[in-house]
Amino acid sequence: MIVLLCLLIIFVFSKVTWFFKPINDFVDIVGFPVILAGVLFYLFNPVVDWLENKFHVKRVWTIIGLFVVVIALLVLGVVSLIPVIRSQATDFLKNWPDYWNHLTNQLDTWLNDPRFGQFQKEFQKVSDSATSSLSSWVSNAANHTFTSVGGVISSVTKIVVGLITMPFILFYLLKDGHQLPKYLAHFLPTKKRAGFVSILDEVNGKVSGYIRGQLIVAFCVAIMFFVGYLIIGLKFALTLGIAAGILNLIPYLGSFLAMVPSLILAAFISPWMVVKVLIVFAIEQTIEGRILSPLILGTNLAIHPVTILIVLLASGRMFGVLGVIFGIPVYAVSKVLLTHLFHWYKKQNGGYETPD
């Protein structure tokens with residue numbers, strides 16, 4: 001009966017989806033600035049707490065000073081990086097014909113090699129199929145360009161509004177966020193408040209440890225790739241290093257995704273450059289896996305690697321890029337809540353006592 005009632009509730013919900021459309025629209029508009037402000041909150045809140053507890057500086061003045069420092073660093077970084085990235089991008093586009101000719105000549109050499117004669121037909125089929133797929137994709141993209149302009153403008157508008165709104169949300173989160181657990185606890189019976197605050201503290205520790213750790217690891221990965229590419233003489237080292245750091249926010253898969261543009265660029269240059277890029281990747285993975293991640297992230301999440309891969313695949317399939325990025329912390333929070341719920345159920349059930 002309980003299963004049937006649950007299925008009946010799901011069936012009724014599926015028939016009144018119009019009722020939840022305003023909620024979905026609200027989340028669609030507010031979700032981006034709230035999530036971004038939450039990530040930055042976990043990054044900046046330890047600094048605000050430390051200054052308040054150590055030097056008794058008021059939170060408001062600490063937050064304002066932190067905002068000024070961050071804005072100054074962003075302006076300095078943008079002023080310093082944009083000319084370099086623009087120069088590298090311009091250089092890449094200018095030299096693209098040479099890269100493409102070198103790659104096509106290399107492929108022709110391989111295809112005409114007598115040692116690969118038995119595979120030439122297969123290579124030709126793959127090439128024809130790829131060309132046909134590419135032309136079909138370009139045609140479809142051209143046909144849908146004008147119809148998708150409205151969607152692009154809407155997405156850009158939401159991002160701009162979110163970036164403008166985010167600092168205000170972040171300010172009030174830093175100012176009053178530490179009082180939120182106690183405020184929410186007042187809505188519960190007196191006996192339940194201590195346990196509720198304890199659960200929220202545990203959830204907060206999991207999320208904050210994960211977010212701060214991932215950001216620090218991503219920054220270190222960007223520096224390692226940048227230095228490694230400079231040593232081997234790969235062009236666009238700064239741009240590729242920044243891209244590697246951003247992609248590293250995706251657990252376990254980010255570093256491999258960051259290698260794709262580097263390997264493509266190295267293939268344009270020479271096979272030996274591909275080998276050197278792979279050596280840089282191997283060194284980076286060794287340092288990150290053996291030193292950085294254990295020291296910075298540690299074992300706070302207590303999640304098995306296989307579970308992490310399953311969560312990444314499932315969340316990415318259901319929610320796209322945001323699911324891949326936030327799937328692990330959401331799973332960690334759900335694990336904490338379900339663990340406490342199961343402990344409560346064991347106490348209420350009374351059938352889990354250890355036999356004499």
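Buried residues make up 24% of the 356 residues in the protein chain. Buried means under 20% relative accessible area, exposed over 50%, and partly exposed in between (1.4 Å probe, protein chains only). The model is predicted: local features need pLDDT of at least 70, side-chain atom pairs count only at pLDDT 80 or more, and totals for chains, interfaces and linings use all residues. Numbering starts from 1 along each chain as its sequence is written, and side-chain values use heavy atoms, with hydrogens and water left out.

The protein chain exposes about 24,500 Å², of which carbon and sulfur atoms supply 73%. These areas come from the Shrake-Rupley method with a 1.4 Å probe; for residues, only the protein chains shown count as cover.

The protein chain has 10 helices and zero strands. Helices (H or I, at least four residues) and strands (E, at least two) are DSSP runs, numbered from the N terminus. Among contacts in the protein chain with a separation of 6 or more, 69% join residues 24 or more positions apart. Contact means heavy atoms within 4.5 Å.

**Helix packing**

H2 (residues 21-55) packs on H6 (residues 190-232) at an angle of about 90 degrees, with the axes 9 Å apart. Axes are lines fitted to C-alpha atoms, for helices over the stretch in contact, and angles run from 0 to 180 degrees between N-to-C directions. H2 and H6 are therefore roughly perpendicular to each other (65 to 115 degrees). H2 brings Val39, Tyr42, Leu43 and Pro46; H6 brings Asn204, Val207, Ser208, Ile211, Arg212 and Leu215.

Most residues other than glycine have a negative phi.

**Nonpolar cores**

A nonpolar core is a set of buried Ala, Val, Leu, Ile, Met, Phe, Trp, Tyr and Cys residues joined through side-chain atoms within 4.5 Å. The largest has 26 residues; Leu170, Leu174, Val207, Ile211 and Ile328 have the most contacts inside it. H2, H3, H4 (120-176), H6 and H10 (305-349) each give two or more residues to this core. H10 gives the most, with eight residues. A second, separate core of 19 residues includes Val217, Ala237, Phe268 and Phe281.

Technical notes
Angles under 35 degrees count as roughly parallel, over 145 as roughly antiparallel, 65 to 115 as roughly perpendicular and the rest as oblique.
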